[in-house]
Amino acid sequence: MKTFPKPPTGLSLPEQHASTELWVVRHGESTWNADGRYQGQTDVPLSLEGVLQASSLAERLTGQAFAAVYSSDLLRARRTAEIVTERLAADPPVQLVSGLREIDVGQLSGLTLPEIRSRYPDYLSALRADPWASRRPGGESMADLYARASAALLTLAAQHQGQRVMVFTHGGVVRVAVGLALGGVPQNAWARLSVANTSVTRVLLSDQGGTLLGFNDSAHLEDLAAAGEVDDLGFGATP
């Protein structure tokens, strides 16, 4: 059984036997990340930089033990998981969960931000007015993503109480994990949660609530040129 971190004085963590520690990892840089294209659920491979990022995380985590490893079924997350788990204790199998996919960007897939500004100005206006409920044209909203991904994360947590689990996923889903840990995220805070490629966010989840143990830890990327902190949520930044 995993021993959870000792909390600071005055802070109590949920009971260990009823809690699950999730290490939630964003995938390495994809070829479309490198090109500045929205990808959502389009199956795009890792770039060479993304492979190097995943290898750096694998080296950092060599010998670490996890009760299970799960991944989004999209190639960029799955390949990141495969590279990292080869270096973990016992080389655990990567179990694929479609609910861990990135937000569906619908008709925005493959487009750059200038192209979106030209073709979908009404969508961008709606997004600025209501970033939580506005759906990508033909795709999902943040509210949709939160409902889908939180169900997936909570299911994994329920299956692994008292254990530590690694989850490979996408920037939007990392934000969902933070929301679960904090009992929700303040309005408009989603745009301020920067999530680097292959960064590790650690959350503790139980029936008693959640705790954010660590966010966007990307120390293993310090010697690499790019961290890739932009993603598909479209809060006025390059995708």
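**Entry 1: a pair of strands**

I note that the model I am reading is predicted.

β5 covers residues 200-206 and pairs with β6 in the antiparallel sense. I count 6 bridges in that pairing. A hairpin of 2 residues links β5 to β6.

I turned to the pairing of β5 with β1. β1 and β5 also run antiparallel, over 7 bridges. A reminder to myself: strands in a sheet pair through backbone hydrogen bonds, in a parallel or an antiparallel way.

Is β5 enclosed or open? I find 6 of its 7 residues buried, so β5 is largely enclosed by the rest of the structure.

**Entry 2: the whole sheet**

What is the order of the strands? I read it as β3-β2-β4-β1-β5-β6. The sheet is open, has 6 strands and shows mixed pairing.

Which strands stand at the edges? They are β3 (94-96) and β6 (209-217). Each has a single partner strand, so one side of each has no neighbour in the sheet. I also looked up the turn between neighbouring strands. On average it is 25 degrees, with direction ignored.

**Entry 3: helices across the sheet**

Next I looked for helices that lie across these strands. Helix α3 spans residues 75-85. It lies across β2 (68-71), β3 and β4 (164-169). Against β4, helix α3 runs at about 140 degrees.

Helix α7 spans residues 171-182. It lies across β1 (19-26), β4, β5 and β6. Against β6, helix α7 runs at about 140 degrees.

**Entry 4: the listed active site**

Which residues does UniProt list for "active site"? The entry, which is unreviewed, names H27 and E102. They span 76 residues in sequence. Still, no two of their C-alpha atoms are more than 10.5 Å apart, so they gather at one spot.

I placed each on the chain. H27 lies in the loop between β1 and α1 (31-35). E102 lies in the loop between β3 and α4 (113-119).

Are they buried or exposed? H27 is buried, at 1% relative accessible area. E102 is buried too, at 2%. The cut-off I used for buried is under 20%.

I listed what H27 touches, leaving out residues up to four places away in sequence. Among them are N33, Q39, R76, T80, T169, H170 and N197. With R76 there is a polar contact between side chains, at 3.3 Å.

**Entry 5: N197, a neighbour of H27**

I followed one of those contacts further. N197 sits in the loop between α7 and β5. It is buried, with 1% relative accessibility. What does its side chain reach at 2.9 Å? It reaches the backbone oxygen of H27.

Helix α5 covers residues 121-129. Which of its residues are buried? I find Y123, L124 and L127. They cover an arc of only 95 degrees around the axis, which puts them on the same side of α5. On the other side, D122, R128 and A129 are exposed. The cover over the buried residues of α5 includes α4.

Last, I looked at backbone angles. Most residues other than glycine have a negative phi.

A90 has a phi near 70 degrees, and it is not a glycine. It lies in the loop between α3 and β3. A90 is exposed, at 80% relative accessibility.

N216 is not a glycine either, and its phi is positive at about 55 degrees. Where does N216 lie? Its place is in strand β6. N216 is buried, with a relative accessible area of 17%.

Key:
Residues numbered from 1 in each chain as written. Heavy atoms only, no water. Pairing = 2+ DSSP bridges. Helix = DSSP H or I, 4+ residues; strand = E, 2+ residues; numbered from the N terminus. Axes fitted to C-alpha atoms, helices over the stretch in contact; angles between N-to-C directions. Contact = heavy atoms within 4.5 Å. UniProt positions renumbered as here; feature names shortened; annotations may be inferred. Buried < 20%, exposed > 50% of the residue type's maximum accessible area, 1.4 Å probe, protein only. Polar contact = N/O pair within 3.5 Å; in protein donor to acceptor, adjacent residues only side chain to side chain. Arc of directions from axis to C-beta.
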